[in-house]
Amino acid sequence: MTNRYMRTASCLRAIFACLACAACFASLAWTASAAGLPAEGDRLPDFSMDSPGDPASAADLGIAVDAPFGLAQLQSELVLLEVIGVYCPQCHRQLPGFNSLVAKLKRAGLKGRVAMLGLAAGGTPQETAYLRAKGGYAYPVVPDPDYRVHKILGEPLTPFTLLVDKTGTVRFAHLGVIEDVDALFARIRDLLR
């Protein structure tokens, strides 16, 4: 009975994620602010996220392995926070570009100045562990199984990307797949000047 429940719950999550991504395509003309989401210039409220649950991700972020953390605890000047759905095909389509962004940041010597992390809206610790192991994420992904942080951020469709500075001010917000990662990289460099 437990396995049947878990399979059913997993299937329902997948269906809702696909519906959310379909709705994302239908609403690409919306801006983040028009959708009631954090937009450039907004200040995010303080919130904590669950631990990424693995030592490598925690070390990458400079946080404790099994303790909740907030964006203010990260030692970087900017945080790129990508809200994803574990089963969202558009999020998976964006992944190669964001993995290349991680490599660009390292090559440019900006890795320590920018923290990148994914927030798996509705994702359990087991699902985020699977994403790390099999999904090919080159940056930490943290679970948000109860959609707590997702709700704080205005319940965005996925993917939703934010660049946030040390004061918690949103410096960039984008709803949907970021097609031009080079432009995002240039934006990051400009913000760090």
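Glu179 is out in the open: at a relative accessible area of 58% it counts as exposed (over 50%; buried is under 20%, partly exposed in between, with a 1.4 Å probe and protein chains only). This is a predicted model, where local features need pLDDT of at least 70, side-chain atom pairs count only at pLDDT 80 or more, and totals for chains, interfaces and linings use all residues. Residues are numbered from 1 along each chain as its sequence is written, and side-chain values use heavy atoms, leaving out hydrogens and water.

Glu179 forms a salt bridge with Arg93 (a side-chain nitrogen of Lys or Arg within 4 Å of a carboxyl oxygen of Asp or Glu). The pair links Glu179, in the loop between strand 7 (170-175) and helix 6, to Arg93 in helix 3, 86 residues apart (helices are DSSP runs of H or I, at least four residues, and strands runs of E, at least two, numbered from the N terminus). Arg93 itself is partly exposed, at 42%.

The structure holds eight salt bridges, including these:

| Pair | Closest N and O atoms |
|---|---|
| Glu40 and Arg187 | 2.8 Å |
| Glu179 and Arg93 | 3.0 Å |
| Arg171 and Asp165 | 3.4 Å |

Glu40 is exposed at 52%, whereas Arg187 is partly exposed at 27%. In the Arg171 pair, Arg171 is partly exposed at 32%, but Asp165 is buried at 17%.
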